[in-house]
Amino acid sequence: MADDSNRIEGSKGLFWTGVTVVYAIIVLFPIFWMATMMVKPNEAMFARPTVWLFTPTLEHFEYVIAQGFHWSLLTSFVLCLMSTALVVIIGTPAAYAFARFEMRMKDDLFLFILATRMAPPVCLVIPFYFIFAKLNLLDTFLGLTLAYMTFNLSFYVWVLRSFCRDLPVELEEAAALEGWSRPQIFRRVVFPLLRNGIVATAVLCFIFAWNEFLFAFMLGGKAVQTLPVSIPKLITSQGVRWGEMAVVGMTALLPVLAVVFVLQRHIVRGLTLGAVKG
Amino acid sequence: MTSVTDTLPATAAAPAPRGRFWYPYLLIAPSMITLTVVSLIPFLYTVYLSFHAAKFGRVTEFIGFDNYLQLLGDGRFWNSMGVAAIFVGIAVPIEFMLGLAGALVLNQNVRGRSVLIPLLFMPTMMAPIVVGLLWKIMLAGSWGFLSYNVLERFNLIGETSAFASPDLALYALIFVDIWQWTPFMMLAFFAGLQALPLGPYRAAAVDGANPLQMFFHITLPMLTPLLVVIGLLRFIDAFKVFDTVYILTGGGPGTATETPSILANKMTFEFWNIGEASALAVLVWLAFFAFCNVFYQVAKKRLNAF
């Protein structure tokens, strides 16, 4: 607890709690509204004035399942798991090395990692499209997994580096004096201490991959169709299927919501202090 | 904890029984190779394409800087840069102010933070495409909740939908961006406030400083590195905006909301003018890289931010 908290009276604390709750209700109302649209009959959806009470229906869910959108859900899940696992395997040693060792051109190498995050994804999707077309990687899991590395690997190394910096170096030195080898030290000392940081950072990478749209849309789309990509496909020539969009949208939101609730502290830290202390 | 590793020279921090020189390079090699393959090579390929005439997906001949000259003489390119400048210039400062104010509120004795923080954080963690969908629903012409109950009832705009008007569409997108990203700023700054040491506040309280003085003389200076970096991150991300614009307006009406990302995408996958799209990508990329390189050096020296 930093500054004012210990000087503020309880009643004032309640006032600010009230302010925060009101703010949260206003900000979250659109999400609540979309949630109700999952079970809202079409007539009620377009009614003027706005209808608050209606008989729930499952027709939107039925259509979504009939169209095979659960396959998009599975695709998203497999793809995100694959790319995140690869990022963890490749990125963890690098994050550790950047935090612990002195290297020639260390700043330049690290800047290279940061620089790969600077480009707008749309600038990357152009060369990817043509390279992948030549290598037959369009619309494949491998292609998208590789493409996702462009934004997640650099983020992972960047954030995990600050978690590595927080580890007390004395334990590693003690282990070295015992005559342990470097891989032993990493496996038995560093890794157990770093586990929480790895999980939190990996979860963020999973969410970024889960939310990604452009690469999945341009480089995949048919055989490998992720959940976000399936949303615009509900804008059909017969009109927009709003209820079905709400179902898919909320489905995409739920895992993220669950993760945020469970890992909130690590996530805020990973996104902010991790990036800042870099 | 940090202080321990920071005060020791990094070489002393590395217990090195053998292979001191090559070991760290071995650790970073997989990442460097991967990033070379997925980032550097595509970038170089973009540079290659930008110097070639390429129509309908086929590279034909080397034409030097023609694509760049074409682009720099194209009003649509400058329009997209202007759109992005307005978008970033309005959205990011508002997010910054609201985020800081929100963080200060949250740092009071707010109860139930463990529930409130994840709830407040939801917009930021949502897929941009779902955010777009959400606001498509709220702002849909005639039946959208906000369109009907607020905009139409109080006759705030003359149109049926904010996205139908060239003047309003961009501001509607800015509104959506503020909705999505203010929570990020707020929680980043809140985390920063929580990490500040108590000592200076106690000393100031003894000296009889009021809360306003404490904010300007203690909180703000100590928070500066965080404010700068978070502001920069948001600046970069806002400039790259694609998904929400794509689903909400697709760059329209006309070119009113056509950001560089949307324009590059149209040039590539609608007009198949790959050479010019690549030139656009290279220009944006170089501008970003130059900006970040300078910023990194300055922030590292002056603000101790990285």
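Guide: Start with Cys80(A): its sulfur lies 11 Å from the closest cysteine sulfur, in Cys205(A), so the pair is too far apart for a bond. A disulfide needs two cysteine sulfur atoms within 2.5 Å. Cys164(A) is in no disulfide either, with the nearest cysteine sulfur, that of Cys205(A), 14 Å away. Over all chains, the structure holds zero disulfides.

Visitor: What do these values rest on?

Guide: This is a predicted model: local features need pLDDT of at least 70, side-chain atom pairs count only at pLDDT 80 or more, and totals for chains, interfaces and linings use all residues. Side-chain values use heavy atoms, without hydrogens and water.

Visitor: Why is Cys80(A) called buried?

Guide: Buried means under 20% relative accessible area, exposed over 50%, partly exposed in between (1.4 Å probe, protein chains only). Cys80(A) has 2% relative accessibility, so it counts as buried. Cys164(A), at 1%, therefore counts as buried too.

Visitor: How do you know that α9(B) is mostly covered?

Guide: Of its 30 residues, 23 are buried.

Visitor: What makes the span of helix α9 of chain B close to the expected one?

Guide: A helix is a DSSP run of H or I, at least four residues, numbered from the N terminus. Its expected span is 1.5 Å times one less than its number of residues. Helix α9 of chain B (residues 166-195) reaches 44 Å from first C-alpha to last, against 44 Å expected.

Visitor: Where is the kink in α9(B)?

Guide: At Trp181(B), shortly before Pro183(B), with a bend of about 35°. The bend is the angle between axes fitted to the seven residues ending at a residue and the seven starting there.

Methods
Residues numbered from 1 in each chain as written. Chains lettered and ligands numbered in written order. Helix = DSSP H or I, 4+ residues; strand = E, 2+ residues; numbered from the N terminus.
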